[in-house]
Amino acid sequence: MGRKLLVIGAHLGDMVWRASGTVAKYMKQGNEVSLVALTFGERGESGGAWKAGAKTVEEVKAIRKKEAECVKESLGSPVMEFMDWGDHPLIFNEERLITIAKLIRKYSPDILITHGPDDKVRPDHVNTAEAVLNAVRLAAIDGLKLEYPPVPEPRIYGFDPHVADQVGFYPHVYINITDVYDKKVKAMNCLQSQKNEIEYYQLRDQLRGLQTRRFGRSSYFKYAEAFYMYNPVIGEDFP
């Protein structure tokens with residue numbers, strides 16, 4: 001039986017830079033994958049579009065929608081939704097928390113990836129992490145009546161922050177994305193509004209792969225994505 005993966009990012013680019021290799025891997029394995037971008041990153045993460053001559057936020061959103069279609073195709077056509085809530089600042093109220101809870105109930109994921117708690121230099125990311133954790137709880141309780149029934153809390157993981165060292169991020173999980181790395185490269189190249197980021201994230205994927213060798217894995221990963229782990233490991237012994 002396949003697993004269900006839900007990725008919720010503040011901006012379109014977040015899931016591409018930080019988790020599209022994992023998304024491609026899950027798609028290749030035949031799992032159910034759903035991606036939710038709360039904004040297009042039209043103000044703060046589309047510098048290339050603005051510099052290329054876009055005059056309005058709506059123009060930039062249209063460019064980002066086309067980039068998103070390209071990303072979706074590159075990753076094997078996972079489900080993709082946009083909330084279009086506006087970035088910088090991305091602010092949450094009760095209505096938005098309940099909307100996220102509805103999405104969690106709708107997709108009922110086994111695994112949920114969102115921002116980690118320590119990306120302090122990116123307020124949209126911190127706000128999103130807090131909102132998603134609140135929504136996970138809302139999605140699980142019986143007393144909140146929504147369109148979909150309550151679902152168990154999934155295992156939750158956080159993205160590798162933009163500059164991990166700046167915020168003291170320590171990876172808990174490394175996912176091998178070597179066999180689908182061509183798909184991630186293709187997806188990253190869809191984001192021409194942020195093309196200045198492509199080289200940086202390619203180098204980081206290599207670094208995360210090399211770190212698996214440093215941690216003693218003889219058949220180390222050539223490319224990897226790293227994640228924060230919100231939930232503890234529970235067992236009779238150390239994993």
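Analyst: Buried means under 20% relative accessible area, exposed means over 50%, and partly exposed lies in between (1.4 Å probe, protein chains only). By that rule Arg18 is buried, because its relative accessible area is 4%.

Two notes on the source come first. This is a predicted model, in which local features need pLDDT of at least 70 and side-chain atom pairs count only at pLDDT 80 or more, while totals for chains, interfaces and linings use all residues. Residues are numbered from 1 along each chain as its sequence is written, and side-chain values use heavy atoms, with hydrogens and water left out.

Start with the place of Arg18. This residue is in helix H1, residues 12-28. Helices (H or I, at least four residues) and strands (E, at least two) are DSSP runs, numbered from the N terminus.

Now look at the side chain of Arg18. It makes a polar contact with the side chain of Asp14, at 2.9 Å. Another polar contact, at 3.2 Å, links the side chain of Arg18 to that of Tyr201. A polar contact is a pair of N or O atoms within 3.5 Å; within protein, one must be able to donate a hydrogen and the other to accept it, and residues adjacent in sequence count only if both atoms are side-chain atoms.

Next, the wider surroundings. Contact means heavy atoms within 4.5 Å. Leaving aside neighbours within four places in sequence, Arg18 is in contact with residues including His125, Phe159, Tyr201 and Phe227. Two of these contacts lead us onward: His125 and Phe159.

Take His125. It sits in helix H5, residues 123-140. His125 is buried, because its relative accessible area is 0%. The side chains of His125 and Asp119 are joined by a polar contact of 2.6 Å. Residues up to four places away in sequence aside, His125 touches Asp14 and Arg18, among others.

Step back to the whole of H5. This helix has 18 residues and reaches 26 Å from its first C-alpha to its last, close to the expected 26 Å at 1.5 Å a residue. The expected span is 1.5 Å times one less than the number of residues. The buried residues of H5 include His125, Thr128, Val132 and Val136. Their cover includes strand S1 (4-9), H1, helix H4 (94-107), strand S4 (111-114) and strand S5 (155-159).

S5 deserves a look. Four of its five residues are buried, so S5 is largely enclosed by the rest of the structure. S4 and S5 run parallel, joined by four bridges. Two strands pair if DSSP finds at least two bridges between them. Ile113 stands opposite Tyr157 in S5. The chain crosses from S4 through H5 to S5, and this β-α-β crossover is right-handed. Right-handed means that, with the strands pointing away from the viewer, the path from the first strand over the helix to the second runs clockwise. S5 also joins strand S7 (residues 224-229) by three bridges, running antiparallel. Here Phe159 stands opposite Phe227 in S7. Both of these residues are in contact with Arg18.

Finally, S1. Five of its six residues are buried, leaving S1 mostly covered. S1 pairs with strand S2 (residues 32-37) in the parallel sense over six bridges. S1 also pairs with S4, again in the parallel sense, over three bridges. Leu6 stands opposite Ser34 in S2 and opposite Leu112 in S4. S1, H1 and S2 form a right-handed β-α-β unit. That brings us back to H1, the helix of Arg18.
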